[in-house]
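I wrote down what I looked up, in the order in which I looked.

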Amino acid sequence: MYNRIAGQSLERIAALSDGLFAIAMTLIVLEIHVPAHDGIATDGALWQALVGLAPRFTTYLLSFLTLGIFWTGQQTQLNFFSHADRDLAWIHFGFLAVVSLLPFSTTLLAEFITLRLALLLYWANIFALGLLLYLSWAYASRAKLVKDAAPEGISAAVRRRIVVAQALYAIGALLCLVDTTWSIGFIVLVQLNYAVAPRIGWLYRFS
């Protein structure tokens with residue numbers, strides 16, 4: 001009886017998610033430290049120190065976009081659910097556990113930005129986020145937790161968006177076989193497309 005009534009509040013899941021996403025977004029920027037004052041006495045020296053922070057700023061942009069995209073994806077799903085149940089709640093707890101790992105994978109990538117393993121672990125973090133969002137929708141559809149008033153075709157659209165996005169992220173990860181810079185650049189472009197959703201022909205279909 002308890003398991004049938006537990007975890008039904010979508011509002012509590014959304015509130016917990018908002019708080020954890022906010023913390024993760026804050027933690028990734030806290031990894032960008034102001035250059036140490038020692039040895040910096042000129043504008044040129046300060047500029048060189050800031051240039052040295054480029055990997056930190058790059059991975060910050062990468063992860064902020066990642067968090068924004070997955071927060072939007074989760075909230076979109078929650079908006080179309082009529083209610084939750086215990087199993088759906090735990091799927092989202094798993095999703096949030098992976099969200100909380102992103103500051104670590106971001107810092108790892110910033111520290112070892114030229115190494116393939118750091119890039120692949122970061123991609124694995126993104127893949128796990130996508131997989132859990134897909135499982136969330138698949139379970140909710142099967143358990144009849146999706147609102148009856150949800151638009152026709154919404155289920156196919158949600159699944160297609162996740163699969164296409166993950167395929168593009170996988171292509172980005174494979175580019176590390178050439179150079180991790182290519183991987184990061186490609187993934188950032190994919191994320192910018194999903195964040196901006198430009199109304200430009202085929203690009204719009206992928207956003």
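**Entry 1: the largest pocket**

How much space lies in the largest pocket? I noted about 430 Å³. I work on a 1 Å grid over the protein atoms alone, where a pocket is an open set of points with protein on both sides within 12 Å along at least five of seven lines, a cavity is a set of points where a 1.4 Å probe fits but cannot get out, and lining residues have an atom within 4 Å of a point. Grid points are joined across faces, edges and corners, and a volume is the space filled by probe spheres set on the points.

Before going further I recorded that this is a predicted model, in which local features need pLDDT of at least 70 and side-chain atom pairs count only at pLDDT 80 or more, while totals for chains, interfaces and linings use all residues. Residues are numbered from 1 along each chain as its sequence is written, and side-chain values use heavy atoms, with hydrogens and water left out.

The largest pocket is lined by 20 residues, and those closest to its centre are Ile69, Thr72, Gly73, Thr76 and Arg161. I then looked up where the lining comes from, and found that helices H4 (54–80), H6 (116–142), H7 (154–174) and H8 (180–196) each supply at least two residues; helices here are DSSP runs (H or I, at least four residues), as strands are (E, at least two), numbered from the N terminus. By class the lining has twelve nonpolar residues, seven polar and one charged, where Ala, Val, Leu, Ile, Met, Phe, Trp, Tyr, Cys and Pro count as nonpolar, Asp, Glu, Lys and Arg as charged, and the others, Gly among them, as polar.

**Entry 2: the chain as a whole**

I counted nine helices and zero strands in the protein chain. Its C-alpha atoms fill a box of roughly 65 × 40 × 30 Å along the principal axes. Of the 207 residues, 39% are buried, with buried meaning under 20% relative accessible area, exposed over 50%, and partly exposed in between (1.4 Å probe, protein chains only). Among contacts with a separation of 6 or more, 76% come from residues 24 or more positions apart, a contact being heavy atoms within 4.5 Å.

**Entry 3: the nonpolar core**

Which residues have the most contacts inside the largest nonpolar core? They are Phe81 and Phe95, in a core of 49 residues. Such a core is a set of buried Ala, Val, Leu, Ile, Met, Phe, Trp, Tyr and Cys residues joined through side-chain atoms within 4.5 Å. At least two residues of this core come from each of H2 (10–30), H4, H5 (86–111), H6, H7 and H8.

**Entry 4: salt bridges and the cavity**

I found three salt bridges, each a side-chain nitrogen of Lys or Arg within 4 Å of a carboxyl oxygen of Asp or Glu. Arg56 and Glu31 meet in one of them, at 3.8 Å from N to O. That pair links distant parts of the chain, 25 residues apart, with Arg56 in H4 and Glu31 in the loop between H2 and H3 (43–51). Arg56 also forms a salt bridge with Glu111, whose closest N and O atoms are 2.2 Å apart; here the partners lie 55 residues apart, with Glu111 in H5.

Is Arg56 buried or exposed? Arg56 is buried at 17% relative accessible area, whereas Glu31 at 30% and Glu111 at 47% are both partly exposed. Arg86 and Asp87 form a salt bridge at 3.8 Å, N to O.

Glu31 and Arg56 are among its lining residues, together with Ile28, Ile32, Thr59, Tyr60, Thr106, Thr107 and Ala110. H4 and H5 are the elements that give two or more residues to this lining, which has four nonpolar, three polar and two charged residues.

**Entry 5: one backbone angle**

Last, I noted that Lys144 has a positive phi near 60°, in a residue other than glycine. Lys144 sits in the loop between H6 and H7 and is exposed, with a relative accessible area of 70%.
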